[in-house]
Amino acid sequence: MKKFGIIVAGGNGTRMGASIPKQYLEIGGEPILMHTMKAFFQYDPTINLILVIPVSDFPLWNSLCDKFDFKIPHQLVKGGQSRFQSVRNGLNSILSTAGLVAIHDGVRPFVNQSVISRSYEEAAKKGSAIAVINLKDSIRKISGDGKSNFQDRQDFRLVQTPQTFQLEKIKKAFEVPESKQFTDDATVYEQQGWQVNLIEGNPENIKITSPEDMDYAEFLVNRNNKA
Ligand SMILES: Nc1ccn([C@@H]2O[C@H](COP(=O)(O)OP(=O)(O)OP(=O)(O)O)[C@@H](O)[C@H]2O)c(=O)n1
Ligand SMILES: C[C@](O)(CO)[C@H](O)COP(=O)(O)O
């Protein structure tokens, strides 16, 4: 089955507070986004990669590709005002309705090869595959009146990407108007009344969000380079 990968990197990186959006910051001597693209290309060099970034960043990205001699084939698509809109633009750029598509945050460069592989296999069988991990800490629900209550962490999962789908279904799901509750692609999919299928992600697959994540990211990239 034909495989697509939409890498969304249309955000501003407000919480990172850097002078450029975080997806272009270097770890291990290369922009974060290139590590992420490489992870998918390494999984399958025949994959159709779509990179979604703000149209105003196209010249920056092209110059980074020259500077780092980045040759992985991909199609550039313009980002939207929100992650939902960026994903939708990526999906609309795919004309076919046959195949599988993994939607992945550009700022999650440490996704395991086995997670990518399992996400396509499971989505082919079950319609969707959403990477999640167990919680390690205890959690409490805040009730707003200064009180809080114990919650059983076994009842919860932390949601990552990739979130992989049968193309026809996720394209249809994204035809709805945008809603605040669409914090990821699984929430858009389940709006159709379809149950999402969870798969186990990998703990290192962090979403690089704030400055302290950069130290851990640098550690991980160096560890991976030595392995
Ligand atoms: N309009 C947007 C907003 C976000 N994203 C992407 O969605 C992923 C997850 O978003 P997040 O980590 O929140 O990134 P930012 O929006 O850049 O960060 P912040 O919220 O701190 O501004 C990132 O790869 C980001 O680039 C996107 O493609 N288009
Ligand atoms: C899609 C996501 O990475 C899953 O954890 C997350 O929902 C993105 O959230 P953000 O609000 O864009 O940081």
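**Ground rules**

I number residues from 1 along each chain as its sequence is written, and I letter chains from A and number ligands from 1 in the order in which they are written. The model is predicted, so I take local features only at pLDDT of at least 70 and side-chain atom pairs only at pLDDT 80 or more, while totals for chains, interfaces and linings use all residues.

**Entry 1: the whole chain**

I started with the secondary structure. The chain has 7 helices and 11 strands. Here helices (H or I, at least four residues) and strands (E, at least two) are DSSP runs, numbered from the N terminus. Next I looked up the radius of gyration, which is taken over C-alpha atoms. It is 18 Å, close to the 17 Å from the globule rule for 227 residues, so the chain is as compact as a globular protein of that length. That rule is 2.2 Å times the number of residues to the power 0.38. The C-alpha atoms fill a box of roughly 55 × 40 × 35 Å along the principal axes.

Then I checked burial. I call a residue buried if 20 or more other C-beta atoms lie within 10 Å of its own, exposed if 12 or fewer, and partly exposed in between, with C-beta atoms placed from the backbone. Buried residues make up 36% of the 227. For contacts, I ask that two C-beta atoms, placed from the backbone, lie within 7 Å. Of the contacts with a separation of 6 or more, 71% join residues 24 or more positions apart.

**Entry 2: the sheet**

I traced an open sheet of 7 strands in the order S5-S4-S1-S6-S10-S7-S11, with mixed pairing. Two strands pair if DSSP finds at least two bridges between them. Strand S5 (75-78) and strand S11 (198-200) are the edges, each pairing on one side only. The twist averages 25° from one strand to the next. Axes are lines fitted to C-alpha atoms, for helices over the stretch in contact, and angles run from 0 to 180 degrees between N-to-C directions.

I then followed S6. S1 and S6 run parallel, joined by 6 bridges, and Lys3 has Leu100 of S6 as its bridge partner. S6 and S10 run antiparallel, with 4 bridges. There Ala102 stands opposite Thr164 of S10. Further along, 3 bridges join S7 (residues 128-133) to S11 in parallel. Val132 stands opposite Glu200 in that pair.

How many of the 6 residues of S6 are buried? I counted 6 of the 6, so S6 is largely enclosed by the rest of the structure. Leu100, Ala102 and His104 point one way, and Val101, Ile103 and Asp105 the other way.

**Entry 3: helices**

Helix H1 (residues 32-43) lies across strand S1 (3-8), strand S4 (48-53) and strand S6 (100-105). H1 runs at about 165° to S4. Helix H4 (residues 113-126) also packs on the sheet, touching S1, S6, S7, S10 and S11. The direction of H4 makes about 140° with that of S7.

H2 gave another picture. Of its 10 residues the number buried is 1, so H2 lies largely in the open.

I looked between helix H2 (58-67) and S5, where Pro73 is found. Asp69 has its place in that loop too. Is Asp69 buried or exposed? Asp69 is exposed, with 6 other C-beta atoms within 10 Å. Its phi is near 50°, a positive value in a residue other than glycine. Pro73 is exposed as well, with 11 other C-beta atoms within 10 Å. I also noted that the C-alpha atoms of Pro73 and Lys180 are separated by 34 Å.

**Entry 4: the ligands**

Pro162 lies in S10.
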